[in-house]
Number of protein chains: 2
Amino acid sequence: MKEFIFPFIILLAYAAVNAAFLRVNYTILRNEILKYEERLMIGANLTLNDDEKAANKVLMKAKEEELIAGFKDPSQYAPARNFLETKKDIERSKVFQLLRRMPKGAVLHAHDTSLVSLDYLYHNITFRDNLYVCIDEGDVRLHFFRVPDKSCDWQLLKKVREDPKRGRQVNDMIRSRMTMECNNPAIAYSNINKAWQKFMNIFSFIEPLLTYKPVYEDHFLQGLEELYEDNVMYLELRSTLPNLYDFDGTQYQPEDLVGIYKNLTQRFKEKHPDFVGAKLIYAPARSADDKTVEYYIETLKRLKTLYPDFVAGFDLVGQEDLGHTLESFIDLLKTAEEHNISFFFHAGETNWLGASTDENLVDAILLNTKRIGHGYALTSHPFLLELVRKMNIAIEVNPISNQVLKLVDDLRNHAARPMFSGGYPMVISNDDPGLWGAKGLSYDFYEGFMALMSMHADLRSLKQLAWNSLVYSTLNDSEKQKALHIWERKWQTFIKDIVSENY
Amino acid sequence: MKEFIFPFIILLAYAAVNAAFLRVNYTILRNEILKYEERLMIGANLTLNDDEKAANKVLMKAKEEELIAGFKDPSQYAPARNFLETKKDIERSKVFQLLRRMPKGAVLHAHDTSLVSLDYLYHNITFRDNLYVCIDEGDVRLHFFRVPDKSCDWQLLKKVREDPKRGRQVNDMIRSRMTMECNNPAIAYSNINKAWQKFMNIFSFIEPLLTYKPVYEDHFLQGLEELYEDNVMYLELRSTLPNLYDFDGTQYQPEDLVGIYKNLTQRFKEKHPDFVGAKLIYAPARSADDKTVEYYIETLKRLKTLYPDFVAGFDLVGQEDLGHTLESFIDLLKTAEEHNISFFFHAGETNWLGASTDENLVDAILLNTKRIGHGYALTSHPFLLELVRKMNIAIEVNPISNQVLKLVDDLRNHAARPMFSGGYPMVISNDDPGLWGAKGLSYDFYEGFMALMSMHADLRSLKQLAWNSLVYSTLNDSEKQKALHIWERKWQTFIKDIVSENY
């Protein structure tokens, strides 16, 4: 652990304030303090080589220009506004373009059915054969069938689209059910419950679309593809392991689904040898009773036996503030722990300091969680913060998710800020990029770099984040070594490209 | 200093997570951790007597009810929304009504011309004799004259108001120029610069109205009255010491103004013997050149010599983000320090971590500031935070000001939150209550208690805040003892009243 207080500086500071002293001392002391604080920041212990220094100059020039523009005219500063309104602005940013190209390591916090961009869901999946639509009291549902069932007045979507006017109407309905994007997010999502309601509605809407087995497979491969294109090389995916269906009426068990994930990952790696792979965190819904959680744990144990290297561990998902705390399941969770299963709990994804959601942080830590999903409330827990540092528990920060889901408006007020400036074990992830129009990890890196970190945070912070994402993954030692080696090579290429383009 | 880490707990935590253990141990450990963190919170070291415990129950029952209502329906939770839209909701709160009656100690951070409620400014001051109005290109100006000058087409306001329609129009214009209240603050103040622009415009508008000497005097007395009615017993007022005018053409020097303040305070104390008084922090505009700051310092030295007990010290005011950093005036400020003048600097009232505004925090501390105004950016400075604690520098937090002036929207994201949960030396103040429809200190106490502190923060936190406001004041030892004694008596009465009403 980094020593928190640098005694020499303290001494100097006391000397400074307790006695008259010359201007030159003041300036020296002032700079020492500023430099000391910079040494606490994430990545501050890394040393850049000459090429990296040159690339850093390019990066920091762009960062500075964009921050100055935002400082002069706040409407030019994207992180202060809802991502649902700023995506296009971010895409024009030079910093963002550099981040896109940067090898960012891993995505350690993302969910199965929200991993892929809206574009693919809409333009690819909804235009497939055998997709049926049912329009009922102004609402719309989609399902694949060989022969539609009688549960609704199903019509072949292809057919409906042949009528230009009707087709347009249906297309608009479908699109709007697939994304949180809308005309006025401030009004549409005026509070956290409204945002979560829409968010959960999207999941319900896309589930029957995505759980058609051929689609589920393509969708996962597309998820890997989008990460790969965004220079992400490894994924730990949280999946509820939903029930898939096909036209033969096959029943797919959770273990079948894990097998599918594993095979597809293998296939993807064969096509892209520089992609390190994926692992799975079984993460079913927390809004469950004891019996269901017991079933989860039994399933988990079976999966872990069948796929010991592919199944990374366990988590529970869903709006934390609605209850179903970790403590309420503690005995059941302890039985999983005894079977050597790792936890990656969502905890403290809340603004209610002192509520049961907030106390999930204590349980996650006591259950020896390997990482904490969000940990938004952690900053106001001085003791838990120290535990997290000492126990080396990484915090998975998802800036855009927290903004779109209304924990915070201006991302400069994101609670994780002091953790970046204090050099805690952080990773940045993307949670559910497909649901708010994002793609890959770079948008979240942009928000993190421009708003959650100091203006002075530079390439070292980003390098540390990429490195953290592999180090805090569940890759075993040899996998990790190999991954870091591949990443290092990609990093060097990235740096050399930036340097050669700019000099 | 409180020991930050409790080694016993650490040990237990390690034992817990590194070995299997029984449920009973888990529960004990969990509770120990939660209790340990509560012991770090502001006020947690205070012990309540039986009456206080009973009053605390009343308070916490009301707090819990209101928080649960807000938890269920976020639109019922005022601190998440702009104060400009929630004032009426807050007034209906039982917690607020209790806070109104609570002896809150002192206001340590408030500004001269924004101290008094809009109601008084509008209903009292604008209805006085000799007030003239000039309507020019849709804008409006006010000034007192015996005989109006030729600078504008001045008309007697009384006269204008005699025409009902015209009167209504002018009244609407005047009111809207005096307050940040408006129909849709989210649109009117869509970013920080727009909010500050309106804020500064109000100051310009009311200056000629308030600097008419008889008005200035009444206005200050009214300020004391409103604090007194709100159970505040002492004030440290930041004043720019503006130029007053009267109908005799008298020139008032800064020392005359300080004399007026001192005499009025004395008069108010004679009327209200349980009011402890007021002191003055000379706080002129930071948007100044070296020559002007030199004049400030010379004035300050003179004032300090003339009124050693009444003039508490020095500060600089105005939007910090616009530059004129403490560092840029460092040599001049050091000369004041040598004359034994205390500083109470605004510093870090910004969201731009790493900007020069943010670095003002370093300079304030190195200049041995006694307190820090706002210190909004402090939470992301781990080393400065430790200095502030060790050097016992109080942080003057102004929740509503920070929200209305667009540093933060949902007050649960206020940067000071970890400082309350970490037990730093905090005071809550009201900054410019008159400009956003507040009155007294209770609204800010409400926001602080309901949003900046944990759900579990109770009467002890509030008592500590009241106590802090006197302890971190510039009252000398004997004044402080006397003030604490008076406060203690008021506190006991308050507690007894609550208890007797509820049992």
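The annotated domain comes first: the unreviewed UniProt entry places "domain: Adenosine deaminase" on residues 185-483 of chain A. UniProt positions are in the numbering used here, feature names are shortened, and annotations may be inferred rather than shown by experiment. Over residues 185-483 of chain A the chain is 49% helix and 10% strand, and the end C-alpha atoms lie 40 Å apart. Helices (H or I, at least four residues) and strands (E, at least two) are DSSP runs, numbered from the N terminus.

Some conventions. This is a predicted model, where local features need pLDDT of at least 70, side-chain atom pairs count only at pLDDT 80 or more, and totals for chains, interfaces and linings use all residues. Residues are numbered from 1 along each chain as its sequence is written, chains are lettered from A and ligands numbered from 1 in the order in which they are written, and side-chain values use heavy atoms, with hydrogens and water left out.

Now the two copies. Chain B is superposed on chain A by a rotation of 180° with 0.0 Å of shift along its axis, at RMSD 0.0 Å. The copies are thus related as by a two-fold rotation axis. In chain B, the C-alpha nearest the axis belongs to Asn413(B), 3.0 Å from it.

Next, the cores. A nonpolar core is a set of buried Ala, Val, Leu, Ile, Met, Phe, Trp, Tyr and Cys residues joined through side-chain atoms within 4.5 Å. Buried means under 20% relative accessible area, exposed over 50%, and partly exposed in between, with a 1.4 Å probe and protein chains only. The largest core has 173 residues, and those touching the most other members are Met180(A), Leu235(A), Phe314(A), Phe420(A), Met426(A) and Trp436(A). Helix α10 (residues 192-210) of chain A gives the most to this core, ten residues. Apart from it lies another core, of 172 residues, including Phe220(B) and Phe314(B). What does Phe314(A) contact, leaving aside its neighbours within four places in sequence? Its contacts (heavy atoms within 4.5 Å) include Ile281(A), Tyr296(A), Leu333(A) and Phe345(A).

Then strand β10 (residues 394-397) of chain A. Ala394(A) and Glu396(A) point one way, Ile395(A) and Val397(A) the other, and all are buried. In a regular strand the side chains alternate between the two faces of the sheet. β10(A) pairs in the parallel sense with strand β9 (residues 371-374) of chain A over three bridges, and two strands count as paired if DSSP finds at least two bridges between them. Gly373(A) stands opposite Glu396(A). From β9(A) the chain crosses through helix α16 (residues 382-390) of chain A to β10(A), in a right-handed β-α-β crossover; right-handed means that, with the strands pointing away from the viewer, the path from the first strand over the helix to the second runs clockwise. β10(A) also pairs in the parallel sense with strand β11 (residues 426-428) of chain A, over three bridges. There the bridge partner of Glu396(A) is Val427(A).

Last, chain B. Its open sheet of five strands runs β1-β5-β6-β7-β8 with parallel pairing; β1 (105-111) and β8 (342-343) are the edge strands. Eleven of the eleven residues of helix α19 (residues 442-452) of chain B are buried, so that helix is largely enclosed by the rest of the structure.

Terms used. Least-squares fit on C-alpha atoms with pLDDT ≥ 70 in both.
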